[in-house]
Amino acid sequence: MSIFDILGPIMVGPSSSHTAGAVRIGYITRILLGSPVEEAKIGLHGSFAATGRGHGTDRALMAGLLGMQPDDMRIPRSFEEAEKKHVKFSFHDMQISGAHPNTAFLQVRGTSGKELNVQASSLGGGRIMLNKLDGIEVNCACESPTLIVRNQDKPGYVAEVTTLLTQHSVNIATLNLHRDKKGGNAVMVIESDQPVPSDIIERLEAMDGILKVTYLMSREEA
């Protein structure tokens, strides 16, 4: 257990789950998108829908999408900051079957034209769980150094990726595999004990059949 777990995050806002966790959800979504956000449609579920606006959850999510961290003093003004950057955004309440009470569903489009759907929940203390990525379950806590590799659902990719990590002395802590359908798109979620060097990420991105590689740094790296 770290001092972060005992005291909670350094943050702006009244609630670690509704504010700090929400900022992190938005921030992780921005990283996964890979470019500045141009438009965001955000659904709020459960407690996020019932009390989130009073706790500033909506502003926190937008702050994260703009690249802010939980201790950024601009969080209460994130809507105004988004308007300055000509970011279109909207919020709506929704119900997601089986979801954690503090859950958001983000439909975002980046300046690159890429679109992404992310479902994530805030677990308290600034901790989050990335539940789904474009409809594919990933269930990633995003605490340790994490590689999210999206690839074609064909044989050989898991072996290639894990072999490359092993060759560079990156120890795999957890490995989870998910896919939307047989022969469709698949996702590898790999949490490691060490940071992943940038040259490994570049080599993975160059592999045939690898659609997208995203690296999420640990809190210590960030």
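**Exercise 1. A bridge between strands**

With which residue does E38 form a salt bridge, and how far apart are the closest N and O atoms?

Solution. Keep in mind throughout that you are looking at a predicted model.
- Step 1: The partner of E38 is R109, and their closest N and O atoms are 3.1 Å apart.
- Step 2: E38 belongs to strand β1 (residues 37-46), while R109 belongs to strand β3 (residues 102-110), so the pair ties together parts that are 71 residues apart in sequence.
- Step 3: Check the surroundings. E38 is partly exposed, at 33% relative accessibility, and R109 is partly exposed as well, at 24%.
- Step 4: Look for further partners. A network of salt bridges links E38, E39 and R109.

**Exercise 2. Two further salt bridges**

Find how many salt bridges the model has, then describe the pairs D72 with R74 and K84 with E81.

Solution. 
- Step 1: The count is eight salt bridges.
- Step 2: In the pair of D72 and R74, the closest N and O atoms lie 2.8 Å apart. D72 is buried, at 16% relative accessibility, whereas R74 is partly exposed, at 34%.
- Step 3: For K84 and E81, the closest N and O atoms are 3.6 Å apart. Both sit in helix α5 (residues 78-84), three residues apart, which puts about one helical turn between them.
- Step 4: Compare the two ends of this second pair. K84 is exposed, with 60% relative accessibility, but E81 is buried, with a relative accessible area of 13%.

**Exercise 3. The setting of a helix**

How many of the nine residues of helix α4 (residues 57-65) are buried?

Solution. 
- Step 1: Apply the cut-off: a residue is buried when its relative accessible area is under 20%.
- Step 2: List the residues of α4 that pass. They are T57, D58, A60, L61, M62, A63, G64 and L65.
- Step 3: That makes eight of the nine, so helix α4 is largely enclosed by the rest of the structure.
- Step 4: Now move on along the chain. After α4 comes G67, which has a positive phi, near 95°.

**Exercise 4. The neighbours of an asparagine**

Is N151 buried or exposed, and which residues is N151 in contact with, leaving aside its neighbours within four places in sequence?

Solution. 
- Step 1: Locate N151 in strand β7 (residues 146-152).
- Step 2: N151 has 4% relative accessibility and counts as buried.
- Step 3: With the neighbours within four places in sequence set aside, the contacts of N151 are Y157, G184, N185, A186, M188, G209, I210 and L211.

Terms used:
Residues numbered from 1 in each chain as written. Predicted model: local features only at pLDDT ≥ 70, side-chain atom pairs only at ≥ 80, totals over all residues. Heavy atoms only, no water. Salt bridge = Lys/Arg side-chain N within 4 Å of Asp/Glu carboxyl O. Helix = DSSP H or I, 4+ residues; strand = E, 2+ residues; numbered from the N terminus. Buried < 20%, exposed > 50% of the residue type's maximum accessible area, 1.4 Å probe, protein only. Contact = heavy atoms within 4.5 Å.
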